[in-house]
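Have the model open while you read.

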Amino acid sequence: MSAARSFKKHFTHTFLRRIYTVKIKPSGAIGLDRTRPAQLDARLDEELDLIIRKVFNGSYRFTAYKEKLILKGASSQPRQISIPTARDRVVLRALCECLAEVFPSAKLSLPQEVINDLKAEIMSGKYSEYAKIDLKNFYPSIPHSLIKKTIWKKVRKPELRSLVEAAITTPTVPDSKGKKDTPDSTIGVPQGLAISNLLAEIALQDIDAVFSSYSDIWYKRYVDDILILAPAGQAKIVADELIAALKSLGLSPHDFGPDSKSKVAPLTEPFSFLGYQVEDGQIIIRHESILRFESSIAKIFTAYRHKVATARSPKDLQRARAYCEWKVNLRITGCYFGHKRRGWASYFSQITSTKQLRSVNHTVRKLAQRFSLEGHIRIKSLIKTFYELKRGSASSQFYIPNLDDQDINQKRKLLAIWIGDDAFRLSDDLVERQFLIKVTKAVQELEEDIARVS
């Protein structure tokens, strides 16, 4: 579809209202204006009128994004996440869907699909060495000129160009400071926006197409991690060519060296990619990913201990156990939500050995014993989850919860774990709203287990 037609299609009352209702309203993220998304309800028609008017006359400007810093360890700079206002999130989501329609080949593959392809290539026996290349500060370093050069090839409509430019130049500022005296951004893609991944993929799709077309190698870039499989003596040659090409675009790949994140080695030497470990012909889970997952489950048990300490009645204790059981099992099985598989087990469903899953099952059982919960809660199994995931779609499974397919009574019962018997006195509309808010937050916590697996 042409950019002009897609732009006109996505910035209508119908599309914007759907985006707000499905994507934005359930979220609790608050931008610099300190307005909760659900508060737009009371004036939604005015907000949508304003969006459409300003977008179509090319004058829409985003409020400065609120800064959120994600710690990455003592030796690394924190990752800066940009949080837009609720109204801007509606616009950014519509812009994302519009650009995705104009650039369909820029859609990011699922990591599981990439690893499945990698498995097949390794087993083919065609390759004997690999090259791994890491891009430094990927999102913050993408030149705006590269983004615009690539997008402008297909997008000629001035209003759409203006919106893209406004999205990438809007600065990200601490909540305490605000926009005052902060200059516009001149480089990089703000992380955390609906369009962040898509803009990065669009910017690099030409170079990806070139190296993917080489018939004698296997090439895959996933965000800032690049892996090349090649016949003997070819990996370094191709990797050097790629590094030179990336530098010519203004990006900063790590050069090869003793302590570099970029590396060339025989395929017999273990390596990691997207949180998986390739070792001795097996595809397993990287050890750090297991430790992070076990830590997240331990935190649930610790939170339970606090709830028990503050319980005022047997009913409070019963609810604390029910909540702990639900949270632990959700971590183990993941769920279906937003018509997608979610969670750690789903992400690592491409492993070729279940030995690590058995070990994690043992750790969880030990935690239940340590917190005196053995016999009081029923903990699910990662092994069974793994095989259930292999069976197919959500409709054919009951072990993994499908949170898209709960009736109002099931939603009330689940909501009661959070708010108690008040859930049975709420109106159906309020149950729907509260359920969506609580479950959305729980699913976001699931994603934290795999937020940085590479």
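## Ground rules

Buried here means under 20% relative accessible area, exposed means over 50%, and partly exposed is anything in between, with a 1.4 Å probe and protein chains only. This is a predicted model, so local features need pLDDT of at least 70 and side-chain atom pairs count only at pLDDT 80 or more, while totals for chains, interfaces and linings use all residues. Residues are numbered from 1 along each chain as its sequence is written, and side-chain values use heavy atoms, with hydrogens and water left out.

## Thr385 in its helix

Thr385 counts as buried because its relative accessibility is 0%. It sits in helix H15 (residues 382-391); helices are DSSP runs of H or I with at least four residues, strands are E runs of at least two, and both are numbered from the N terminus.

Leaving out residues up to four places away in sequence, Thr385 touches Ile332, Thr333, Ala345, Tyr399 and Ile400. Contact means heavy atoms within 4.5 Å.

## Strand E6, covered on both sides

Strand E6 (residues 225-230) has six of its six residues buried, so it is largely enclosed by the rest of the structure. In a regular strand, side chains alternate between the two faces of the sheet. On one side of E6 you'll find Asp225, Leu227 and Leu229, and on the other Ile226, Ile228 and Ala230, all buried.

## Who pairs with E6

Two strands pair if DSSP finds at least two bridges between them. Strand E3 (residues 129-134) runs antiparallel to E6, joined by six bridges, and Lys132 has Leu227 as its bridge partner.

Strand E5 (residues 218-222) is also antiparallel to E6, with five bridges; Trp218 stands opposite Leu229. E5 and E6 form a hairpin with two residues between them, and Val223 in the turn has a positive phi of about 60°.
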